[in-house]
Amino acid sequence: MERKFLEDLGLEKEKVDKIMAENASDIESEKGKFDAERATLQGQISDLQGQVTQRDTDLAGLNEKLTAAAADASKLTEAQNALTGLQSKYDTEKTEWEKKSAQQAYEFAVKMEAGKLKFSSTAAQRDFVRGAIEKGMKLEGEKILGFTDFVEAYKQDDPGAFQAEQQDQTPPDGKPNIVLPPTGKPPAPDGKGFHFNFTGVRPVPKE
């Protein structure tokens with residue numbers, strides 16, 4: 001959104017500044033969400049690539065053992081033990097992966113919800129996110145259970161972390177408030193009529 005567009009609409013400078021600041025805040029918030037999501041996805045991709053590489057290595061070693069067992073029956077037990085070990089290893093890795101993915105999803109959800117709030121500074125937002133993550137609330141789908149209560153409690157403990165709410169003085173219909181003087185009856189006349197003072201008026205000379 002460009003400032004000139006708003007000025008051409010005839011908006012006052014104060015309103016234009018307010019709209020531009022709000023627009024910049026929204027853009028920064030969306031950028032933060034995108035960066036957080038990208039970092040999460042990149043971390044997951046790196047983990048998966050590492051697991052795939054390791055499993056390829058494990059399967060290649062197991063294949064060698066099975067080939068050797070086919071030629072020598074005495075080596076079959078060794079191959080079976082290797083297979084059992086790999087299965088146990090993969091089960092452990094799966095559990096760790098699920099736990100890590102759940103934690104990443106939770107952290108991402110916290111950052112998204114924090115992006116909807118107005119903090120007094122970047123440092124304040126960072127501290128809030130860290131505190132919410134350490135709280136370890138439950139995530140159901142995309143909803144963090146108890147997040148609203150956490151925010152309210154945080155505001156009580158550290159009100160300076162959030163921007164002060166500004167009251168909009170503009171009337172809902174956009175029209176200025178006109179204060180009329182109090183109505184009432186004019187004071188009653190005192191019966192003396194107009195208060196003219198003719199003292200000192202010289203008489204007109206007779207011709």
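Rings of Phe, Tyr and Trp (its six-membered ring) form a pair if their centres lie within 6.5 Å; planes under 30 degrees apart count as stacked, over 60 as edge-to-face and the rest as tilted. The model here is predicted, so local features need pLDDT of at least 70, side-chain atom pairs count only at pLDDT 80 or more, and totals for chains, interfaces and linings use all residues. Residues are numbered from 1 along each chain as its sequence is written, and side-chain values use heavy atoms, leaving out hydrogens and water.

**Exercise 1.** Find which residues the ring pairs link into a cluster.

*Solution.* Start with the total: there are 8 aromatic pairs in the structure. Take one of them, Phe119 with Phe128: the centres are 5.2 Å apart and the planes make an angle of 55°, so the pair is tilted. Now follow the ring pairs: Phe119, Phe128, Phe147, Phe150, Tyr154 and Phe162 are joined in a cluster.

**Exercise 2.** Decide whether Phe119 and Phe128 are buried or exposed.

*Solution.* Recall the cut-offs: buried is under 20% relative accessible area, exposed over 50%, and partly exposed in between (1.4 Å probe, protein chains only). Both Phe119 and Phe128 are buried. For the whole protein chain, 17% of the 207 residues are buried.

**Exercise 3.** Work out which residue lies over the face of Phe162.

*Solution.* Apply the test: NZ of Lys or CZ of Arg must be within 6 Å of the ring centre and within 35 degrees of the ring normal. Lys155 sits over the face of Phe162, 5.5 Å from the ring centre. Phe162 also belongs to the cluster from Exercise 1.
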